[in-house]
Every structure is written in structure tokens, then in C-alpha cells.
Amino acid sequence: ASIAQIEKVEKDVNSFVTLDKEGALKRAEEVQKLIDDGKLTGPLAGVPVAIKDNMCTQGMLTTCSSKILGNFRPMFTAEAVKNLEEAGAVILGKTNMDEFAMGSTTETSYYGPTKNPWNLEHVPGGSSGGSCAAVAAEEAPYALGSDTGGSIRQPSSFCGVVGIKPTYGTVSRYGLIAYGSSLDQIGPVAKDVTDCATVLETIASYDPKDSTSIRRDSYDFTSALVDDVKGMRIGIPKDYFGDGLDAEVKENILRAVKVLEEKGAVVEEFDLSLVKYAIPAYYVIASAEASSNLARFDGVKYGYRTEEYEGLHNMYKKSRSEGFGPEVKRRIMLGSFVLSSGYYDAYYLKALKTKALIKKAFDKAFEKYDVIVAPAAPTTAPELGKSLSDPIKMYLGDIYTISVNLAGLPGITIPVGKDSKGLPVGMQLIGNCFEENKIIQTAYTFE
Ligand code: GLN
């Protein structure tokens with residue numbers, strides 16, 4: 001059914017960079033045999049999945065939607081994907097994304113933009129736009145995305161699907177091609193909260209191969225699928241619902257908050273004004289880490305190498321100049337600048353201090369609240385072709401998501417309505433570290 005749907009809609013939506021229909025069918029047969037022989041059970045056995053193209057899949061192209069990795073077939077599979085395979089998942093292919101996960105619209109992909117299945121003139125959001133569009137267009141029942149500054153939660157909002165960014169350290173980053181290593185997390189995208197919790201339960205694991213992996217007491221997320229928010233303390237950051245938030249987005253979210261209140265949740269506004277520093281802090285830290293992480297793409301070890309060059313340095317320079325797109329270059333320049341001697345203290349160190357203050361502000365909020373409600377983005381999905389010309393404006397659109405990464409917190413986006421153009425509106429629920437179950441339980445109200 002997934003393949004039939006892909007054949008129907010993929011030419012319009014462009015969710016995938018790589019499709020492996022034959023491999024998927026073959027694998028489905030193998031899994032079916034294991035199920036028939038009683039060797040495999042579980043909710044994901046035989047269920048197809050789409051994987052964001054920044055997660056390594058052994059032998060299958062893994063491009064990060066970049067020209068520089070256009071021919072890269074990894075020798076190993078990312079731990080999160082391996083966990084899925086062990087549960088019997090069938091990989092349909094690799095999904096389109098902003099190049100190296102840098103962007104908010106999936107338009108920085110070298111392989112052309114993905115379109116929003118609700119309206120093909122609009123973007124699906126980003127950077128996990130391919131994964132979210134694939135789920136929204138029913139090409140795949142679920143997908144994996146990655147979230148460094150909102151890349152699961154924002155496109156989930158734009159595509160009307162559910163996406164979870166887990167607590168930092170919950171899902172192994174082994175085999176996830178790094179963007180901002182201290183912020184990156186893999187998470188599930190699906191049609192509903194139940195599916196998302198089920199997938200999270202499968203991909204989350206302690207992994208010694210990832211030095212930032214955390215051994216958690218429990219990896220049970222599905223027991224939170226209960227319809228009960230009585231007494232749940234919900235905080236609404238005043239600053240998130242003021243100027244800059246589209247009126248229809250606000251209206252839809254506040255209507256959903258009313259539903260929670262009617263069901264017995266205790267809702268209160270509070271001050272989180274410190275988060276206005278999140279955007280500058282995030283773009284300094286993420287770019288700094290990206291400039292370091294992307295140094296490995298030099299045309300020597302793997303990926304694209306320029307055809308003609310004179311000497312080693314010229315080879316590096318030409319391979320990187322031709323292999324990276326403009327947004328990636330912007331981040332590398334910004335990152336190298338803020339890490340360079342003389343500027344390190346003024347920018348990078350200051351950003352790290354800001355990060356610590358933001359974490360503190362959230363710690364304080366979670367003394368009073370179980371869940372924080374926020375938009376996932378200031379607007380619904382913008383039209384295609386309108387965002388890339390003004391990078392600063394695009395960065396400002398990340399205002400509601402990036403502080404969650406800076407603080408390492410879990411967040412979920414669920415659909416709560418549509419705007420007058422028929423585009424989905426999402427609501428973000430933010431939890432304290434290791435408290436995915438509270439946001440899952442609250443989200444489950446709308447299932
Ligand atoms: N839009 C943000 C950026 O460009 C976040 C991307 C992400 O989460 N990968 O950095």
C-alpha cells in the first residue's frame with residue numbers, strides 16, 4: 001500500500017531522495033516469514049518506514065541532501081535504525097531534508113524541495129520536511145526525523161502530523177551525521193501519538209557507542225497513553241503568545257488549551273522572557289559545532305571530489321566550494337568566525353552561558369508545571385520560494401523550538417486545527433528532562 005501511494009503522489013510531493021521499492025518488498029517477505037515462523041512479533045514487525053537522509057543505512061545512499069555526499073553509501077547502520085530493523089521494520093527509502101539539516105523549509109536540499117501535501121504551493125517545513133510530508137501524504141505510516149533546533153516539531157506542525165523530539169541522550173546519535181552534536185536528537189514522526197510513542201519506545205536505547213547516550217531507568221513510553229489530564233499543571237509562557245504569533249495559530253492553540261482545562265488540567269500563564277536570547281545563542285552554538293563537524297568532508301575520505309585541481313589545498317577548496325550549498329557555507333563561515341581566537345569568548349562562550357541560563361529558566365518553570373504549551377512556529381507553512389532570500393527571517397521562525405534543544409528537553413507537536421487556507425496548525429508540548437510521558441499523556445487527550 002505504501003509503494004502504491006508513493007507511485008501516486010511522490011512525483012508531486014518529492015518526499016524521498018532515495019527509494020528502494022524492490023529492497024522493501026524483499027525485506028517485507030523476509031519479515032513475513034519470521035512472523036509466520038513465530039520468530040518475530042511486536043507492533044512494528046513488517047511496518048514500512050521512511051528514514052531521514054542524515055541517518056546512515058548500510059549500503060543505501062545517505063546524502064544529507066547534499067551534493068558532497070551524493071555518492072555516499074555508509075558501511076554501517078545508525079543505531080536508531082538498527083533498533084527498528086531488529087523490530088522488523090521495512091525501510092522504504094531515505095527522505096529529503098534541508099542540506100545537512102540546516103534550514104526550516106526543506107528548500108536548501110540539493111535534490112529540490114519537498115512540497116507540503118496539504119497544499120503543493122507551500123513548504124512542508126524543515127529540516128525533516130521529507131519525513132513529515134511522507135507521513136502526511138500516507139507514503140509511509142511513520143518516519144524518523146532529527147531535531148537540532150526544531151526540525152521534527154516544526155515540519156510536523158506544518159504537515160499536520162505528530163513528531164517527538166526526545167530528551168537529549170535518549171536516542172543514540174551513533175550513525176546520525178552530526179550537525180550540532182550537543183543539540184541533535186533523533187525522533188519519530190507519525191500520524192498519531194500512539195504510533196509515535198510506540199516508535200520512540202523502539203528506537204530509544206542506551207548506546208555506549210554514543211558518548212552522550214544516557215542510561216534511563218525506563219524506556220516505556222506507551223504506558224503514558226492514557227486519557228487523563230486531571231490535575232496536570234500546564235504553563236503558558238506569556239511571551240510566546242504575544243507579538244509575532246499569527247492570530248489563527250494562536251486561536252487554534254488556545255482552543256486546544258481550553259479543552260485541556262475542561263478536562264481538569266490547571267492552566268496558568270508565566271514569564272519566560274529569557275528565551276528571547278535563544279536564537280542568537282542557538283545560531284552561534286549550532287554553527288560553531290557544524291563548522292567543526294563538517295570539516296571531515298574534504299573530498300579525500302568519502303563523498304564528492306572536484307574533477308580538476310592543482311595540489312591538495314586547491315582540491316579541498318574546490319571540492320568543498322562545489323559540494324556544499326549556500327546555507328551550509330554560511331553556517332561554516334559563521335561557526336569558524338565565532339570559534340576563532342579573539343572572538344571565542346565574545347561569542348561562543350557567551351552563547352554557552354546563555355544556554356545555561358535558559359536551562360535554569362526551564363528548571364524553574366518545571367518546579368511549577370508538568371507541561372509547557374507553546375506554538376511550534378509563528379505561522380503555518382509559508383509558500384514555496386519565499387524564505388531563502390532572507391536567512392535572518394528564517395532563523396527567527398525557530399523562536400519556539402530552539403530553546404528546547406538548548407535545554408535538552410523533550411517536546412512533542414500535535415495537530416490542533418487548520419487555518420483559513422486549510423493548512424495545519426500544530427501545538428507544541430514541552431516537558432522536563434526524562435518526562436516524555438507527561439507530554440505524551442497530555443497529547444493523548446486529542447487522539
Ligand atoms: N532551522 C534550524 C536550523 O536551521 C533547525 C534545524 C534542525 O533542527 N536541524 O538550524
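1. Let's start with helix α2, residues 21-36: at 1.5 Å a residue its 16 residues should span 22 Å, and the end C-alpha atoms are 22 Å apart, so the two agree. The expected span here is 1.5 Å times one less than the number of residues in the helix. Helices (H or I, at least four residues) and strands (E, at least two) are DSSP runs, numbered from the N terminus. After α2 comes G38, with a positive phi near 75 degrees.

2. A word on the model before going on. It is a predicted one, where local features need pLDDT of at least 70, side-chain atom pairs count only at pLDDT 80 or more, and totals for chains, interfaces and linings use all residues. Residues are numbered from 1 along each chain as its sequence is written.

3. Now to the annotated site: the unreviewed UniProt entry marks K52, S127 and S151 as "active site". These residues are spread over 100 residues of sequence but cluster in space, the largest C-alpha distance being 10.9 Å. UniProt positions follow the numbering used here, feature names are shortened, and annotations may be inferred rather than shown by experiment.

4. K52 sits in strand β2, residues 48-52. K52 is buried because 33 other C-beta atoms lie within 10 Å (buried: 20 or more such atoms within 10 Å, with C-beta atoms placed from the backbone). Leaving out residues up to four places away in sequence, its contacts include T95, M97, S128 and G145 (contact: C-beta atoms, placed from the backbone, within 7 Å).

5. S127 belongs to the loop between β3 (90-95) and α4 (129-136). S127 is also buried, because it has 34 C-beta neighbours inside 10 Å. Beyond four places in sequence, S127 touches residues including M97, D98, T106 and S151.

Note on methods:
Buried ≥ 20, exposed ≤ 12 C-beta atoms within 10 Å, placed from the backbone. Contact = placed C-beta atoms within 7 Å.
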